[in-house]
Amino acid sequence: MTDTKDRIQYITINRESKLNALNKFTLCELHEAFTDAFNNPGVGGIIITGAGLKAFVAGADISEFADLDATQGTAIARDNQALVFDLIANGNKPVIAAINGFALGGGLELAMACHSRIAAETARMGLPEVTLGLIPGYGGTQRLAQLVGKGKALEMILTADMITAADALQYGLVTHVVAPELLLAKAEELMLKMISNAPLALAAAIRSVNAGLTDGINGYETEIEEFGKCFGTEDFKEGVAAFLEKRKAEFKGR
Ligand code: COA
């Protein structure tokens, strides 16, 4: 389910009866919704949340895993990482996950692929895959360790424990925890602040931060190149002119 307001694209995972679990169809819809949002010049940033009060996403749809063999398991991890999780992480616009309830397994992996995460006080997060004889397959082993450090990540993955929103805040897994009724307003406040800045600079910042976390890429070198490219944009000239003229910049994304 998608909706656009004030250059913010809202994507709501709407499969409440199954706690918004990610089946094949939902993953395809997510791929389409994010591809559209990243390509739509009218969209500055994206907020993703789950329908209802109970779940953001309670994981990949376990019923679809039942008959898979090792080759098929490898294929769905590879395909879905590329089509959804890496697509979001490498997106050219900021994406905020508003975690309104359970974010488990693929649900937490989805939230971790986003550029920023905030949670309702009632949210619960975890990677319970080992209880099913699996491990996280949508980037969770990597992104959790990046976000909270190896020790806490391994403890969460190996115990399969769910943590509270308060713990997630303390771990650095989310950056704000608010009452459930304030979650979307907080996400909007953050997003409006982000998208008031120069769009090409936002995209360059995302690429540079990601570069240092990608095998075989020198993040410092990427930063130098991205920094340099910003000088060639109209938005840079507008940003500097606005500062010197003591007015608000009007960025065009060029
Ligand atoms: N895949 C498929 N269906 C799921 C699901 C998942 N990951 N998570 C929840 N559902 C379904 C349940 O099967 C149930 O469907 P039904 O009503 O047709 O039986 C419905 O969503 C409601 O879930 P239920 O388990 O009854 O709710 P609960 O409040 O008792 O428990 C959870 C909530 C989140 C603790 C529990 O649903 C759960 O453990 N889910 C799986 C979490 C998980 O292991 N995720 C990682 C997957 S790799």
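**Around the ligand**

Guide: Start with the ligand: one of its nitrogen atoms sits 2.9 Å from a polar backbone atom of Ala 60. Keep in mind that this is a predicted model.

Visitor: OK. And how far is a ligand nitrogen from a polar backbone atom of Ala 58?
Guide: That distance is 3.0 Å.

Visitor: What about the backbone of Ile 62?
Guide: A backbone N or O atom of Ile 62 is 3.0 Å from a nitrogen atom of the ligand. On its own, the ligand has 860 Å² of accessible area, and the protein covers 59% of that.

Visitor: Which residues around the ligand come nearest?
Guide: There are 16 residues around the ligand, and the nearest are Lys 18, Lys 54, Ala 58, Ala 60 and Ile 62.

Visitor: How does that shell split by class?
Guide: The shell has 10 nonpolar residues, two polar ones and four charged ones.

Visitor: New topic. What order do the strands of the open sheet take?
Guide: The order is 4-6-8-9. That makes four strands, with mixed pairing.

Visitor: Which strands stand at the edges?
Guide: Strand 4 (55-57) and strand 9 (163-164) do. Each has a single partner strand, so one side of each has no neighbour in the sheet.

Visitor: Do strands 4 and 6 run parallel or antiparallel?
Guide: They run parallel, and two bridges join strand 4 to strand 6, which covers residues 102-104.

Visitor: Which residue in strand 6 is the bridge partner of Val 57?
Guide: Ala 103 is the bridge partner of Val 57.

Visitor: Now the helices. Where is Lys 186?
Guide: Lys 186 is in helix 7, which spans residues 183-195.

Visitor: Is Lys 186 buried or exposed?
Guide: Lys 186 counts as buried, because its relative accessibility is 18% and the cut-off for buried is under 20%.

Visitor: What does Lys 186 contact, leaving aside its neighbours within four places in sequence?
Guide: Lys 186 is then in contact with Ile 118, His 176 and Val 178.

Visitor: And Glu 155, where is that?
Guide: Glu 155 is in helix 5, residues 150-159.

Visitor: Buried or exposed, that Glu 155?
Guide: Glu 155 counts as exposed, because its relative accessibility is 52% and exposed means over 50%.

Visitor: Last one. What separation is there between the C-alpha atoms of Glu 155 and Lys 93?
Guide: Those C-alpha atoms are separated by 32 Å. Along the chain, Glu 155 and Lys 93 are 62 residues apart.

Terms used: Residues numbered from 1 in each chain as written. Predicted model: local features only at pLDDT ≥ 70, side-chain atom pairs only at ≥ 80, totals over all residues. Heavy atoms only, no water. Buried < 20%, exposed > 50% of the residue type's maximum accessible area, 1.4 Å probe, protein only. Contact = heavy atoms within 4.5 Å. Near = heavy atom within 4 Å. Polar contact = N/O pair within 3.5 Å; in protein donor to acceptor, adjacent residues only side chain to side chain. Areas by Shrake-Rupley, 256 points an atom, 1.4 Å probe, with all protein chains shown as cover. Nonpolar A, V, L, I, M, F, W, Y, C, P; charged D, E, K, R; others polar. Pairing = 2+ DSSP bridges.
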